[in-house]
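Biologist: Hi! Could you put the model up and let me ask a few things about it?

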Amino acid sequence: MEIFLIRLLQFMLAISILVLLHEGGHFFFSKLFGVRVEKFYLFFDPWFHLFEYKPKNSDTAYGVGWLPLGGYCKIAGMIDESFDTEQMKKPVQHWEFRAKPAWQRLLIMIGGVLVNFLLALFIYSMILFHWGDTYIATRDMSYGMKFNTEAKKLGFQDGDILLGTNKRPFKDFSVDLFRDLSEATRVDVLRQGKQVSLALPGKISLLDMLKDEPSFARPFIPAVVDTVIPGTPAEKFGLAKGDTIKAINGHVVDSQNEFIFELGRLEDMMTAARTSQDSLRIRTATLVVARNKQLADYKASHLDTVKTVLTPDLKFGFAPKSLAQMYEPTHVSYSLLQSIPAGVKYGVGVLRGYVDDMKYVFTADGAKSLGGFGAIGSLFPPTWDWYMFWRMTAFLSIILAFMNILPIPALDGGHVLFLLYEMITRRKPSENFMIRAEYVGFGILMLLMIVANLNDILRWLGYM
């Protein structure tokens, strides 16, 4: 429960910041061009609100709604999600949105997106200035990678150290590495001390690379015990730091990666268990362990075979070394002047990658990967971490900017599309058309929101 509350608080704080500043962008340009703003709200307020304050001699009511699905800046003389058609029937006033020239209305509409994008670049810059950039370079991962069957068909071998592609050198093990591999026609690896180049097709599905089990590539982690949790099966059968797992249930494992894969087999079997006896049989595992004192030169006769019963959630109760323990991280510090261009470059790269990945949304697997509020909230760390909080806030700011500029009616991008049409053709869409388009756009958004949050529920129930 504590983890849920910490993630919820981080999510609510990030969304509040982003929504306030997004609507603040619309508010700023509206005031700049003399357009009246009737309401400025954090969150929506159908039927009632939590708080509202209207300063004396002000045209704007400021408040907080109860429905945390966004916020809004109600601009006079504009057809928006409030569907205030009564105002549109009245004569045009000079302080209304519809009375202003198209270029001013365009700036008002892109104000929110502009603020979100600039905010993301600013946050990334300040993260680099304050914390710098710490990562484990792929070329420093001396154990190399483990590859799945599809990767091995392309010529990869377990233990290859990834160096880079014809696009650019690899930095660290992240989604950018997979994205480069999916688009590259050549990849360079270090194999047994020699650089080897492999040809790639240039059109591997990024979604398949990430969702395959095991995934296309993952860092090679030796199956050597680092810590043993007290009171667990691992402690009960005498597992100790430095011991190496050599096999489980007759399946030889050469790494922690393979060991996790074999546990996945047991999880699949558990889904078919019908009785407690079935569950106990599956949870009863036989391990072959090379003890720490025999690691230097072990023989078959030196290996211990132990039998134990796993916990109901199939845990042994031990952990190998983490990547941070295995490798020396690289740290880059930035001055204030250095952090700004570096943050801009990083933010633009995040946006480019997000835009490139949007093509997968229109596939069956891509639609299943959509996530709602639960999926977004789970991206925040289980403990309060300001570094991760600001990284996530910057990332969500970029997502919010991009999603809002999509040419869907009811979004900023829909209004921008109609304004560009007006500026090019010198013809303004009718108010009836705008109202109908707003309803259609609002329906599309509601449908997407339902699908995304339904995916969250199905994942939580174990159906996805």
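Biologist: In what order do the strands of the open three-stranded sheet come?

Modeller: The order is E5-E6-E7, and the pairing is antiparallel. Strands here are DSSP runs of E with at least two residues, helices are runs of H or I with at least four, and both are numbered from the N terminus. Two strands pair if DSSP finds at least two bridges between them.

Biologist: How should I read the numbers?

Modeller: This is a predicted model, where local features need pLDDT of at least 70, side-chain atom pairs count only at pLDDT 80 or more, and totals for chains, interfaces and linings use all residues. Residues are numbered from 1 along each chain as its sequence is written, and side-chain values use heavy atoms, leaving out hydrogens and water.

Biologist: Back to that sheet: which strands stand at the edges?

Modeller: Strand E5 (161–165) and strand E7 (194–199) do. Each has a single partner strand, so one side of each has no neighbour in the sheet. On average, neighbouring strands of this sheet are turned by 30 degrees against each other, direction ignored.

Biologist: And how many bridges join E5 to E6?

Modeller: Four bridges join E5 to strand E6 (residues 186–191), and the two run antiparallel. As an example, Gly 164 has Asp 188 in E6 as its bridge partner.

Biologist: What about helix H5, which residues are buried there?

Modeller: H5 covers residues 175–183, and its buried residues are Leu 177, Phe 178, Arg 179, Asp 180, Leu 181 and Ser 182. Buried means under 20% relative accessible area, exposed means over 50%, and partly exposed is in between (1.4 Å probe, protein chains only).

Biologist: What do those buried residues of H5 pack against?

Modeller: They pack against E5 and E6, and also against helix H6 (206–211), strand E8 (217–219) and H11. Contact means heavy atoms within 4.5 Å.

Biologist: Let's change topic. What is the strand order in the open sheet of four strands?

Modeller: That order is E11-E10-E12-E13, with antiparallel pairing. Strand E11 (251–252) and E13 stand at the edges, each with a single partner strand, so one side of each lacks a neighbour in the sheet.

Biologist: How are E10 and E11 paired?

Modeller: They pair in the antiparallel sense over two bridges. Ala 247, for instance, has Val 252 in E11 as its bridge partner. Helix H8 (residues 256–270) packs on the sheet and touches E10 and E11, and its direction makes about 35 degrees with that of E10. Helix H9 (residues 276–283) also packs on the sheet, touching E12 and E13, and its direction makes about 5 degrees with that of E12.

Biologist: And the pairings of E12, how many bridges go to E10 and how many to E13?

Modeller: Strand E10 (residues 244–248) is joined to strand E12 (residues 284–290) by four bridges, and Ile 248 has Leu 287 in E12 as its bridge partner. Six bridges join E12 to strand E13 (residues 304–309), again antiparallel. There, Val 289 is the bridge partner of Asp 304.

Biologist: Is Ala 290 buried or exposed?

Modeller: Ala 290, which sits in E12, is buried, with a relative accessible area of 0%. Ala 290 and Asp 304 are 14 residues apart in sequence and 6.4 Å apart in space, C-alpha to C-alpha.

Biologist: Now some helices! At what angle do H3 and H14 pack?

Modeller: Helix H3 (residues 102–131) and helix H14 (residues 386–405) pack at about 155 degrees, with their axes 8 Å apart. Axes are lines fitted to C-alpha atoms, for helices over the stretch in contact, and angles run from 0 to 180 degrees between N-to-C directions. H3 and H14 are therefore roughly antiparallel (over 145 degrees; under 35 is roughly parallel, 65 to 115 roughly perpendicular and the rest oblique).

Biologist: Which residue classes make up the contact of H3 with H14?

Modeller: The residues of that contact divide into 18 nonpolar, four polar and one charged. Ala, Val, Leu, Ile, Met, Phe, Trp, Tyr, Cys and Pro count as nonpolar, Asp, Glu, Lys and Arg as charged, and the others, Gly among them, as polar.

Biologist: How do H11 and H14 pack?

Modeller: Helix H11 (residues 336–357) and H14 pack at about 55 degrees, with axes 10 Å apart, and they are therefore oblique to each other. Among the residues that meet are Tyr 346 and Leu 351 in H11, and Phe 395 and Ile 399 in H14. By class, this contact has ten nonpolar, one polar and one charged residues.

Biologist: Last one: where is Gln 10 found, and what does Gln 10 touch?

Modeller: Gln 10 is in helix H1 (residues 2–32) and is buried, with a relative accessible area of 0%. Not counting residues up to four places away in sequence, Gln 10 touches Phe 380, Pro 381, Thr 383, Trp 384, Asp 385 and Phe 389.
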